[in-house]
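Dear colleague,

Please find below the structure that I am handing over to you. My notes on it follow.

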Amino acid sequence: MKSAIAPVDKSPSIQVIARMFALIDALAEHSRPVSLKDLSAATGLHASTAHRILNDLAMGGFVERPEPGFYRLGMRFLELGNRVKSRLSVREAALEPMRELHKLTQQPVNLSIRQGDEIVYVERAYSERSGMQVVRAIGARAPLHLTSVGKLFLAEDDPQRVRAYATRTGLAGHTSNSITRINDLERDLNRVRQCGLARDNEELEPGVRCIAAGIRNDQGQLVAGLSISAPAERLDEGWIPKLEATAARISEALGYTPPRR
């Protein structure tokens, strides 16, 4: 006899969070400030409860009080929304060029962004014909200093920030090739700054090498990295011009104009 699978409860497990969501949804339905009385009626919350939650949201910038007793969504939502929009636009601009690069190299092509002291894999062009098992799934994370894209981002930091990163993380290694000393990392980052490319020589996963080029937005900021992964013995230096051209194409789609030489 098959066991029944319980339905997934998508409602928050903490009551106050459910009430907060209800208030946010109620505010989102109006373009003008909404009175506490109307929010209480729309959500079924007692006015004192709604007032207390709205005050907490206001402290975080998620709600504003343009006048006593009236509320509207705060600028914090716009700030966070722009961050999400930036990530999504990078993915949208990168998807087709990534597929074309994969067809040329027959190896996995990865799109990654930085979050704190890690990179996050947000997209991948991949097929079984590459002959290489994909170890890191979309959404997976990895330390900056062990990945080619992570090194691109570290190379953008000044020496003090790089040393602060090393102190926070301890430069833990995953393989015998991992860079675990600050002096070695600084030398590697200097090479990245000089050539504009970064490499992972079996530093994250044994038997896997990667090369990466940066993707920049209309402000010239590094917003993502594009990398090719391959079995260590099959990584082809001839892929570099194709990788650079693809990263430049994506950057151009985001509005980036490279400086004149």
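Is E244 buried, exposed or partly exposed? E244 counts as partly exposed, because its relative accessibility is 36% (buried means under 20% relative accessible area, exposed over 50%, and partly exposed in between, with a 1.4 Å probe and protein chains only).

Please note that this is a predicted model, in which local features need pLDDT of at least 70 and side-chain atom pairs count only at pLDDT 80 or more, while totals for chains, interfaces and linings use all residues. Residues are numbered from 1 along each chain as its sequence is written, and side-chain values use heavy atoms, leaving out hydrogens and water.

E244 sits in helix α8 (residues 240–253); helices (H or I, at least four residues) and strands (E, at least two) are DSSP runs, numbered from the N terminus. Apart from neighbours within four places in sequence, E244 is in contact (heavy atoms within 4.5 Å) with C195, L197 and A213.

The largest nonpolar core has 25 residues, of which I215, L226 and L243 touch the most other members. Such a core is a set of buried Ala, Val, Leu, Ile, Met, Phe, Trp, Tyr and Cys residues joined through side-chain atoms within 4.5 Å. Two or more residues each come from α4, β4 (109–115), β5 (118–125), β8 (208–216), β9 (222–231) and α8. Strand β9 gives the largest share, 5 residues. A second, separate core of 23 residues includes I119, A142, L152 and F153.

Yours sincerely
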